[in-house]
Every structure is written in structure tokens, then in C-alpha cells.
Amino acid sequence: MAAEVEFQQVSKIYNKDTVVIPGIDLKLPRNELTVFVGPSGCGKSTLLKLIAGLEEVSDGKILIDGKDVTHSSPSQRGIAMVFQSYALYPHMSVYENMAFALKISKTGKDEIDAKIKKVAATLQLTEYLDRKPRQLSGGQRQRVAIGRALVRNPEVFLLDEPLSNLDAALRVDMRIEIAKIRENLNATMVYVTHDQVEAMTLADNIVVLRKGRVEQMGHPLEIYNNPVNKFVAGFLGSPSMNFINFTADETENDFCTLKGPGVLSNVKFKIKPNTLKSGDTACIGIRPEHIDVQKGLAGAELEFKTYAIENLGDHTLLYGHVGESPCVLKVDPYTKYSMDETLGLKIQKQHYHVFDTQDQNVGDSANHPKS
Ligand code: ADP
């Protein structure tokens with residue numbers, strides 16, 4: 001049975017004054033996969049260890065399935081954890097590694113055997129059950145680590161950067177494998193990664209963290225398309241969203257025009273009412289694939305100066321500036337561009353964001369008038 005995981009005003013302070021989690025309220029839905037993302041050191045692993053009971057909270061409560069487990073031992077919490085380092089017992093075979101926790105919990109021999117064989121078949125480990133970890137590849141070791149957790153039928157399955165020790169091709173295979181395991185698993189999963197492709201593809205919910213605080217929680221596409229602030233906007237997407245600085249020129253209740261270096265025409269952007277005033281510094285957030293690029297400036301909104309070009313086969317990235325702001329464009333690979341070329345840009349009006357001086361998203365491209 002899957003369980004809901006809840007943090008109620010949980011804080012974690014190391015060594016009396018290192019505040020890592022200042023006080024978090026968070027509910028991780030039952031039977032869904034929630035991914036924690038955020039820059040290194042923002043507290044992702046700490047949150048996982050707090051759920052697992054490997055670290056004690058400094059204050060607040062942790063509830064699993066409505067039950068207060070704040071002071072319960074890890075073994076009483078119905079969780080299983082997979083670590084980045086695999087943490088397999090080197091002197092035990094794959095079978096013994098997978099059996100270990102079940103033996104400790106006094107599961108019968110036949111039941112252990114049946115569980116291991118079932119999970120080994122799912123993970124394509126059947127032929128390796130007698131091998132020691134050192135006789136396995138990195139990908140196989142990681143599968144054993146996952147299998148060892150799966151045989152325990154956890155209510156909550158915690159994964160801490162499980163794929164980061166694998167090479168790029170294996171990561172893709174394992175990512176797809178985890179997605180498949182997930183479909184057949186009745187467990188709440190919490191997954192820590194700094195890989196945004198894993199976050200986008202595996203998550204039902206993404207929690208974006210900064211300095212131990214939740215910046216935004218939502219479905220991956222919700223976070224991608226409607227980031228609440230500049231931090232979240234810049235975190236997902238590769239290359240990341242462009243932020244082009246301007247000054248608000250004319251503003252009315254729900255639109256503004258912008259001026260500044262690189263602006264060629266008085267384009268109106270929709271904003272939430274009463275957010276920007278004339279003279280405010282503002283910034284347009286626009287993803288590289290949402291900018292139309294033209295040779296020459298006739299009819300263009302912004303002027304772009306190219307300083308580097310990367311041809312990646314299926315698309316080309318043009319690096320340059322609009323005014324002083326760095327800007328990356330994603331363009332078709334067949335048009336020829338050159339260094340130091342001046343190009344005209346138009347922003348696709350269903351995809352922009354406007355950020356105010358506090359970095360909050362005050363734009364409203366969803367309501368931009370259709371032209
Ligand atoms: P993340 O997983 O997001 O990279 P962590 O949760 O591992 O971040 O760490 C968050 C912060 O807590 C970091 O600044 C780290 O140095 C600090 N930290 C983690 N464990 C300890 C510890 N045992 N003692 C002191 N500081 C710690």
C-alpha cells in the first residue's frame with residue numbers, strides 16, 4: 001500500500017547554526033513519483049534522509065500515511081532507499097544482497113526466494129544472482145540496488161541520484177527502466193536528481209528547492225510553462241530560458257511596452273494588473289525555441305548580435321546578446337549564420353514571461369491577444 005508523506009514545519013539545523021531546512025510544509029501525494037530538484041546544497045538529500053529516518057529533524061513533524069513517524073526508527077517507517085553509491089555488500093552475492101533485509105525482518109525462506117526471483121526477472125538479473133557486485137557492470141549493480149529495495153514492498157521508495165554514476169547511454173536505459181518499474185509498483189516514490197531530463201520525464205510532481213525552501217511544486221509541464229519566478233524559470237530547460245533586461249516604458253493596467261538597448265519597436269506585453277510601473281526594470285523570459293529569427297531588421301522587435309554558433313545536427317544554437325543581455329537562439333541547422341551577424345528577432349507571443357524587480361512572474365502571455 002502506498003502512503004502519503006507529509007512534512008509539517010520541518011526544520012533541520014546542523015551543528016547548532018547551519019540552517020539547511022528553515023521550516024518546510026510539504027505533502028507528497030500517495031502513489032505518485034515526486035522529484036526534488038534544485039542546485040547542489042539546497043537540501044534535497046537532507047529531505048530524503050529525514051523521510052528515511054537517517055537524520056533526525058530539528059523541529060516539526062513527519063507523517064507517513066497520517067502516522068507521526070518523526071521519532072520512529074528507519075525500519076519502522078515502511079520505506080526503502082536506493083543510494084547513488086549503490087551501497088551493496090561486496091562480500092555477498094546478488095541473491096544475498098537482495099535477501100538481507102528480508103532475513104532480518106524474519107521473512108520465511110520460501111517467501112524470500114519467491115520475491116527475489118520475481119524481482120530479478122523484472123530487472124533482468126536472474127542470470128546474475130550468484131555473482132558478487134564486483135563481477136557486475138555499473139548498470140547491473142544499480143539494478144541490484146533497486147531490486148534490493150523492491151523486494152521489501154516498501155510503501156515509500158526513496159531514490160537519491162540513483163543514476164548519476166552511470167554513463168550517458170546507460171542512464172537513458174535505466175531511466176526508461178525506472179519508468180517501467182514505476183508503472184507496476186504500488187508505492188509513493190521520492191526521487192532526488194540534478195538531471196532535469198530525469199525530473200521532466202519521470203515525475204508526477206516536481207518540487208523546486210532553493211536553500212531548503214520550496215520555490216514551486218507542480219506537474220513538470222506546469223513548472224516548465226508557468227514558473228512562478230525567475231529562479232524556477234531558469235532551472236528547467238536546456239539551454240535555459242533567456243532573460244532579457246528592459247525598462248518598462250508605457251504601462252497600463254494590463255500591458256506594458258518596453259524600452260532599452262536592442263529594442264526596435266514598441267511591442268506590447270500583457271502583464272498581471274497593477275504589477276509594473278513606467279520606469280521599473282523588468283525582464284522578458286523567453287525560451288530559445290520561442291523566438292523567431294530573421295535575417296535583417298525590417299519589422300523585427302529586437303536586435304541580436306551573434307558571437308558564437310554551435311551546430312548540433314538537428315538544430316543550431318546561436319549565442320549572442322540583445323543589448324547587454326546574453327541570449328541563445330535555437331534555429332534550424334540548414335540556414336547559414338555567421339559570427340558577428342546582426343539578426344532580427346520576434347518573440348512568440350504565447351510563450352513569454354515578464355519578471356519584475358523581485359524576479360516574480362508578472363507576465364501573462366496566456367492572455368496575449370491573438371494577432
Ligand atoms: P543537496 O542534496 O541538495 O545537494 P544536501 O541535502 O546534501 O544538499 O546538503 C544541504 C546542505 O547541508 C549543504 O550545505 C551541506 O553542506 C549541509 N550538510 C549536509 N549534511 C551535513 C552534516 N552532516 N553536517 C553539516 N552540514 C551538512
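Student: In this predicted model, where is the place of Glu161?

Tutor: The model is a prediction. Glu161 is not a glycine, yet its phi is positive, at about 45 degrees. The place of Glu161 is in the loop between strand E7 (156-160) and helix H5 (168-183).

Student: Is Glu161 buried or exposed?

Tutor: A residue counts as buried under 20% relative accessible area. The relative accessible area of Glu161 is 12%, so Glu161 is buried.

Student: Is Asp340 buried or exposed?

Tutor: Asp340 lies in the loop between E18 and strand E19 (342-347). Its phi is near 65 degrees, a positive value in a residue other than glycine. The exposed class starts over 50%. With a relative accessible area of 54%, Asp340 is therefore exposed.

Student: Which strands stand at the edges of the open sheet of five strands?

Tutor: The order in this sheet is E15-E19-E16-E17-E18, with antiparallel pairing. An edge strand here has a single partner strand, so one side of it is left without a neighbour in the sheet. The strands in question are E15 (291-295) and E18 (325-331).

Student: By how many degrees are neighbouring strands of the sheet E15-E19-E16-E17-E18 turned against each other on average?

Tutor: The pairing in this sheet is antiparallel, but the angle is taken with direction ignored. On average, neighbouring strands are turned against each other by 40 degrees.

Student: How many bridges join strand E1 to E2?

Tutor: E1 and E2 belong to an open sheet of four strands in the order E2-E1-E4-E5, where the pairing is antiparallel. Glu6 has Lys27 in E2 as its bridge partner. The number of bridges joining E1 (residues 5-14) to E2 is seven.

Student: What angle does the direction of H1 make with that of E1?

Tutor: Helix H1 (residues 44-52) packs on the sheet and touches E1, E2 and strand E4 (59-64). The direction of H1 makes an angle with that of E1 of about 115 degrees.

Student: How many of the nine residues of H1 are buried?

Tutor: The buried residues are Lys44, Thr46, Leu47, Leu48, Leu50, Ile51 and Ala52. H1 is therefore largely enclosed by the rest of the structure. After H1 comes Gly53, with a positive phi near 85 degrees. Of the nine residues of H1, the number buried is seven.

Student: At what angle do helix H2 and helix H3 pack?

Tutor: H2 (residues 94-104) and H3 (residues 109-122) have axes 10 Å apart, and they pack at about 135 degrees. That angle makes H2 oblique to H3. The crossing is right-handed. The angle asked for is about 135 degrees.

Student: How many nonpolar residues does the contact of H2 with H3 have?

Tutor: H2 contributes Tyr95, Met98, Ala99, Leu102 and Lys103, and H3 contributes Ile112, Asp113, Lys115, Ile116, Val119 and Ala120. By class, three of these residues are charged and no residue is polar. The number of nonpolar residues is eight.

Student: Which peptide bond is cis, with omega near -10 degrees?

Tutor: The bond involves Pro239, which lies in the loop between helix H8 (230-235) and strand E11 (242-251). The cis peptide bond is the one from Ser238 to Pro239.

Terms used: Residues are numbered from 1 along each chain as its sequence is written. This is a predicted model: local features need pLDDT of at least 70, side-chain atom pairs count only at pLDDT 80 or more; totals for chains, interfaces and linings use all residues. Side-chain values use heavy atoms; hydrogens and water are left out. Two strands pair if DSSP finds at least two bridges between them. Helices (H or I, at least four residues) and strands (E, at least two) are DSSP runs, numbered from the N terminus. Axes are lines fitted to C-alpha atoms, for helices over the stretch in contact, and angles run from 0 to 180 degrees between N-to-C directions. Angles under 35 degrees count as roughly parallel, over 145 as roughly antiparallel, 65 to 115 as roughly perpendicular and the rest as oblique. A crossing is left-handed if the near helix is turned anticlockwise from the far one by less than a right angle, and right-handed if clockwise. Contact means heavy atoms within 4.5 Å. Ala, Val, Leu, Ile, Met, Phe, Trp, Tyr, Cys and Pro count as nonpolar, Asp, Glu, Lys and Arg as charged, and the others, Gly among them, as polar. Buried means under 20% relative accessible area, exposed over 50%, partly exposed in between (1.4 Å probe, protein chains only).
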